[in-house]
Amino acid sequence: VVNAVFGVLSVPLLLSYFKVENYGILTLATSVNAYMHLLDLGMHVGAVKFFSQWIYEKKHLLLDKVVRTSISFYGVIGIINTSVLIVLAIFGRNFFNVTDNQFLLLQKLLLISASFSIVNWLGAVFSQLLTAAQKIAFVHKIMSVSVVCKIALIYVTIYFHLSIELYFALFSFFLAVLLIPYAILSRRLNLISSLKPCFEWNEFKIVLIYSLSIFALSFFQMCAASSRPIILGMFASTAAVSVAHYNVVQLMPSFILSVNGVFASLLLPKASVIVSQKDDIDKFEKFILNGTKISTILGMSLCLPIILCSKGLLVFVVGSEYIHLSFWLSLAIIAFCFNLPTRFPNARQFTFGRLG
């Protein structure tokens, strides 16, 4: 909920303060880095699944080896992520349809993002580990504190007239610092013997092969979701403005996803333990069915009012100059409605490994 509130607050305030062109460049820089999450290769699902099973089965040595190898794996991904962002910052002038001044700003934002990439990727390892250990409350509390800091940052930025570069650097810092409490609790709970990376690739291969199956299933969906702002940045005649408008349209779907996504994040570790216990499959099916029902009802109760009141909502949130986007907002919400009932059944397939 806190994260959803941040999404609703940040767009109109930053759009008004930075103006539409600069906000579009900020969105473009964020989208380029978000696209790099394809490098995860499905590990965010596979790791939680296997970590949950091994914690329940008390296979502590195997868990320790694979988690510390994950640190090495994500470290390599972080280096690749950093390298790509630096290359785009140096040689990407003709890649995006922006002006020279806009590209200078984009260049700075990409370099800032690159400087935090490795730390952000390493934080994912400990977030997955704590989620698998069913310390989800702690993970969400720390994330909530980070989001509150980001909300405060918006008001500090506006009050003290901070530059967009300084805002983005502080924003990235609040994401990167999550690594510290996650790593501390992981060590305190003895989920990992040391923060030192290791290279037990034979054991790690079990998780990676499973994760690649998940990645193959979701690759095109991830590409479609992450590439839209980048495609606009490449081909739209007024790229910065178009990307900003796209982000306005995505504000409400993102809000619904933030609220509705809580159920999916809670499902996987619990479901993995049920499977490890070889419990009654009927009980598991009922668990999934109830989750689907609650998730869909909640999502639809948020979607329908937005579809009916899209014009008024846009005027209230971002101003009357964006009322022409109401048709696209309604269309985006309608498309989102069709996805709601599939969220829990997809998670069920991931848990059992039934990807057909």
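1. Helices here are DSSP runs of at least four residues, numbered from the N terminus, and with that naming in hand the note can turn to the model, which is a predicted one. Within this predicted model, α9 gives the most to the lining of the second largest pocket, namely 4 residues.

2. The second largest pocket itself has a volume of about 190 Å³, and its lining draws at least two residues from each of α8 (201-235), α9 (239-249) and α13 (326-339). A reader who wishes to find the pocket in the structure may look for its lining residues, among them Arg 228, Leu 232, His 245, Tyr 246, Trp 328 and Ala 332. By class, the lining of this pocket is made up of 7 nonpolar, 3 polar and 1 charged residues.

3. The structure also holds 1 cavity of 30 Å³ or more, and the space in the largest cavity comes to about 40 Å³. Val 248, Leu 251, Met 252, Leu 313, Leu 314, Val 317 and Leu 329 line the largest cavity, and these lining residues divide into 7 nonpolar, no polar and no charged. Both α10 (251-276) and α12 (310-317) supply at least two residues of that lining, with the largest share, 3 residues, coming from α12.

4. On the surface, a nonpolar patch is formed by Ile 86, Val 87, Ile 90, Phe 91 and Leu 111, which together have about 480 Å² of accessible area. Helix α3 provides the largest share of the patch, with 4 residues. Val 87, which lies in helix α3, has a relative accessible area of 46% and is therefore partly exposed, given that this class runs between the limits of 20% and 50%.

5. Two loop residues deserve a careful look at their backbone angles. Lys 58 has a phi near 60°, a positive value in a residue other than glycine, and its place is in the loop between α2 (43-56) and α3 (60-91). Because its relative accessible area is 63%, Lys 58 counts as exposed, the cut-off for that class being over 50%.

6. The other is His 161, which is not a glycine and yet has a positive phi of about 55°. His 161 lies in the loop between α5 (136-160) and α6 (164-176), and with a relative accessibility of 61% His 161 is likewise classed as exposed.

How values were computed
Residues numbered from 1 in each chain as written. Predicted model: local features only at pLDDT ≥ 70, side-chain atom pairs only at ≥ 80, totals over all residues. Heavy atoms only, no water. 1 Å grid on protein atoms, 1.4 Å probe; cavity = no way out; pocket = protein on both sides within 12 Å on 5 of 7 lines; lining within 4 Å. Points joined across faces, edges and corners; volume = space filled by probe spheres on them. Nonpolar A, V, L, I, M, F, W, Y, C, P; charged D, E, K, R; others polar. Buried < 20%, exposed > 50% of the residue type's maximum accessible area, 1.4 Å probe, protein only. Patch = residues over 30% accessible without salt bridge, like charges linked within 9 Å, V, L, I, M, F, W, Y side chains within 5 Å. Areas by Shrake-Rupley, 256 points an atom, 1.4 Å probe, with all protein chains shown as cover. Salt bridge = Lys/Arg side-chain N within 4 Å of Asp/Glu carboxyl O.
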